[in-house]
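Morning, everyone. Please look at it first.

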Amino acid sequence: FAALKSTRGVDVYDPQSDPHRPERLALMSELRAAIDADALELWFQPKLHLADGRVHAAEALVRWHRPGRGMVPPEQFIAVAEETGNIGRLTRWVLAHGIAHAAELAHAGYGVRVSLNLSARDIGDPGLPDRVAELLQAHGVPASAIALEVTESAVIGEPEAALQVLRRLADMGIEMAIDDFGVGQTSFAYLRRLPVKELKIDKMFVQHLAHDPTDRTIVRSLVELGHRLGYRVTAEGAEDAETVAFLGDVGCDDVQGYHVGRPTDFASFVAHLSTRESGGA
Ligand code: C2E
Ligand code: MG
Ligand code: MG
Ligand code: MG
């Protein structure tokens, strides 16, 4: 509690002496510089369609090689970017580069849709749909070249504003997914109003299911519930063959996870796709 200064016997929060503040400020100004200098990367993780064993989609995951600090995981800097009002800048970078990569894949004829992650704050931004439309047009690709993932929490804060943004994106023909499904607090009353086609079951329930009967019950039930409500269901975090086999048995549509493929840089991802195309994998 170094940040608590005693003034006339009353404890007052003093941001200047908050031990975390300098570190967060440095992180943020470095992140802003990294965005401006294009020092971020999008890595790609394949999504396996179980019905035909093919990869029709991939998720783009942002990476930041912070000089002197190695690879900073997105969960660290995205939270800070959200809290400091910098997420819009990051999301614009992700959309611009994600759609550029999606266009590259589309023009090369791979037929691989790129999923991009939005953060909770983005869904409240009424300028988002136009920005996405402009980028798609600039790169000459249809809305089907991308998909957008939003977490359950994204739509809790300002439900009506978020709904409008999501509806406009859906009207443009962009498919949306609820990410990390099962760990949030979306009520089904609300979920059913969202223009969403896909549920992505959080890896928390998937990672250990081969050894955990409770997780198997949860995943089986979520797949069935999702299907009955008309959603496509994806599981993330499948780390072994047993888990992928179980997901196939319970009728899950798509699988992501280390067993299918780890996130890699774009060049490696494309190289891998080419091998698969020619029957190599
Ligand atoms: P997410 O969207 O749920 O992405 C899945 C995370 O699970 C990724 O972590 C991925 O690398 C990891 N993962 C995939 N397969 C496995 C597996 O088999 N086992 C395990 N243990 N993990 C697996 P990552 O890349 O560290 O990203 C973490 C989160 O950061 C993402 O979760 C997403 O919420 C957020 N994020 C990533 N990129 C972006 C972005 O461009 N914009 C925004 N707003 N958020 C992003
Ligand atoms: Mg995601
Ligand atoms: Mg997820
Ligand atoms: Mg997650």
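Buried residues make up 44% of the 281 residues in the protein chain. Buried means under 20% relative accessible area, exposed over 50%, partly exposed in between, with a 1.4 Å probe and protein chains only. This is a predicted model: local features need pLDDT of at least 70, side-chain atom pairs count only at pLDDT 80 or more, and totals for chains, interfaces and linings use all residues. Residues are numbered from 1 along each chain as its sequence is written, and side-chain values use heavy atoms, without hydrogens and water.

The chain has 10 helices and 12 strands. Those are DSSP runs, numbered from the N terminus: helices are H or I, at least four residues, and strands are E, at least two.

Now the rings. How many aromatic pairs does a search of the whole structure find? Three. Rings of Phe, Tyr and Trp (its six-membered ring) pair if their centres lie within 6.5 Å; planes under 30 degrees apart count as stacked, over 60 as edge-to-face, the rest as tilted.

Take Phe-44 and Phe-269. Their centres are 5.6 Å apart and their planes at 25°, so the pair is stacked. Phe-44 sits in strand E3 (residues 40-49) and Phe-269 in helix H10 (residues 266-277), 225 residues apart. Both Phe-44 and Phe-269 are buried.

Next, Trp-64 and Phe-77. This pair is edge-to-face: 5.5 Å centre to centre, 90° between the planes. Trp-64 lies in strand E4 (residues 54-66) and Phe-77 in helix H2 (residues 74-83), so the pair ties together parts 13 residues apart in sequence. Trp-64 and Phe-77 are buried.

Last, the cluster: ring pairs link Phe-44, Phe-266 and Phe-269.

How values were computed
Chains lettered and ligands numbered in written order.
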